[in-house]
Amino acid sequence: DILFLVLSVAFLWPTSDQVWRNWRVWSSWHRRTVSTSWIVYASNNRVAHVVAHAYASSMAAVDVIVVCLVGLALSPKTTSLSGSFLQALLRPGRFDRKIEIALPTQAERRDIFETHLRKLQLEEQPHLYARRLASLTPGQSGADIANICNEAALHAGREDQSYVKTANFEYAVERILAGSEKRSISVPQNERQKSAGYEAGRCLVAWQLQHCAPPLKTSILPRTTSALGYTQFAPTSKLLETTEQIDHKLCALVGGRAAELVLYGGQSSLGERHLKQATELAEMKIEQFGMGESVGQVSFDKTEANSVRFYSNSLRHKLDQEVARVVRQANVQAVEILRENKDLLEKLTAALREKEVLNYKDLLQILGDPPHIKDSFLEL
């Protein structure tokens, strides 16, 4: 999960016994893991261990550094040393240099894609694919990009194609970001109908709002990460968000539940995940961004390290009421949008139930051009 960490631990003038002891600790740790890489640099009798390791847990990786730092071995009763030594490890002066490696930007992702795409037999030139793929993969690392290119090549091979095409890359991005399709799962017709209406509602609400990313593809096929339905939206890279932008994002999150009300007169458990996301976003709006009407300009840290709340129970009650009001208001706005465009909602639901998968061109034919978005970057 975590590509972590680059730390250096210095041992001043180690004796041969100390070097051998540290070497045994590292060798034992290396045999117990499924890792691939660790690098040892030696200079002027000072040994620095630089670990670049894809480990299952960041805390476990810190434990390894602690073992080499203090020369201890973890016993069955000692499950973790990181809680006691983490701050001591990271205090100023402990290491010669601390290097933080950030995820690549869109321009950097485009260059990484071009590097990996040169190794494939493509239908078009690499730069024609790299720009769109870079825009579709925000927050992905170089290893993720290599995985997408490899997955596209494997898919082209399974389809007995001579070249890797656009459809192969779309399949690879969806598989990496949303999981693979599970066509073998049998879904009852009434649940398929509700799933189609739910995803259609999400698409239509986002399509009509100015500050929502437009949907690129929607499907009611089960996937490994979602039992019913999946909608892919155009990625955005905003550093700042206004109150109106957050409100529009909340409307899009509850758009599926609003569609259930408009089409079927009730709601189901289908939208539990998106409702949870909407609640968390509303809490951030009120408690961290200071955008609440009744609470005012206040901000509270919600990180796990600062879980203690330094405010009264009455203020907690006001915060909860404000969060509920914001989510309720977003649901009302989404219902109004869908009722005004109920003919488009029904048409989109029917098309999604019939074809199971609708891409961006299909959405354009049904919904028309997005009223607030110029999407020249969406086409390959």
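Predicted model: local features only at pLDDT ≥ 70, side-chain atom pairs only at ≥ 80, totals over all residues.
Q: How many helices and strands does the secondary structure of the chain hold?
A: Both kinds of element are present in the chain. The count comes to 14 helices and eight strands.

Q: What percentage of the contacts with a separation of 6 or more joins residues 24 or more positions apart?
A: The contacts considered here have a separation of 6 or more in the chain. Among these, the part from residues 24 or more positions apart is 69%.

Q: Is glutamine 232 buried or exposed?
A: Glutamine 232 sits in strand β7. Its relative accessible area is 11%. The cut-off for buried is under 20%. Glutamine 232 is therefore buried.

Q: Which residues are in contact with glutamine 232, leaving aside neighbours within four places in sequence?
A: Contact here means heavy atoms within 4.5 Å. Glutamine 232 belongs to strand β7. Its partners beyond those neighbours are Leu136, Val173, Glu174, Pro215, Leu216 and Lys217.

Q: What is the volume of the largest pocket, and which residues are the closest to its centre?
A: The volume of the largest pocket is about 1200 Å³. Its lining counts 40 residues. The closest to the centre are Ala213, Phe233, Ala234, Pro235 and Thr236.

Q: Which helices and which strand each supply at least two residues of the lining of the largest pocket?
A: By class, this lining has 17 nonpolar, 17 polar and six charged residues. Several elements contribute at least two residues each. They are α4, α5, α7, α8, α9 and α11, with strand β7.

Q: Which helix gives the largest share of the lining of the largest cavity?
A: The structure holds two cavities of 30 Å³ or more. The largest has a volume of about 60 Å³. Both α9 and α12 supply at least two residues of its lining. The largest share, four residues, comes from α12.

Q: Which residues line the largest cavity?
A: By class, the lining divides into three nonpolar, two polar and two charged residues. By name, the residues are Asp247, Leu250, Lys285, Val326, Gln329, Ala330 and Gln333.

Q: How many charged residues are in the lining of the second largest cavity?
A: The second largest cavity has a volume of about 30 Å³. Its lining is made of Tyr171, Glu174, Arg175, Gly179, Ser180, Glu181 and Arg223. One residue of the lining is nonpolar and two are polar. The charged residues number four.

Q: At what angle do helix α13 and helix α14 pack?
A: Helix α13 covers residues 342-355, and helix α14 covers residues 360-367. Their axes are 10 Å apart. α13 passes α14 in a right-handed crossing. The packing angle is about 145°.

Q: What is the phi of glutamate 356?
A: Glutamate 356 lies in the loop between α13 and β8. It is partly exposed, with a relative accessible area of 21%. Most residues other than glycine have a negative phi. For glutamate 356, phi is positive, about 70°.

Q: Is aspartate 160 buried or exposed?
A: Aspartate 160 is placed in the loop between α6 and α7. Its phi is near 60°, a positive value in a residue other than glycine. The relative accessible area is 72%, and exposed means over 50%. Aspartate 160 is therefore exposed.

Q: How far apart in space are alanine 102 and glycine 139, C-alpha to C-alpha?
A: Alanine 102 is in the loop between α3 and α4. It is exposed, with a relative accessible area of 66%. In sequence, alanine 102 and glycine 139 are 37 residues apart. In space, the C-alpha to C-alpha distance is 9.7 Å.

Conventions
Residues numbered from 1 in each chain as written. Heavy atoms only, no water. Axes fitted to C-alpha atoms, helices over the stretch in contact; angles between N-to-C directions. Left-handed = near helix turned anticlockwise from the far one by under 90°. 1 Å grid on protein atoms, 1.4 Å probe; cavity = no way out; pocket = protein on both sides within 12 Å on 5 of 7 lines; lining within 4 Å. Points joined across faces, edges and corners; volume = space filled by probe spheres on them. Nonpolar A, V, L, I, M, F, W, Y, C, P; charged D, E, K, R; others polar. Buried < 20%, exposed > 50% of the residue type's maximum accessible area, 1.4 Å probe, protein only.
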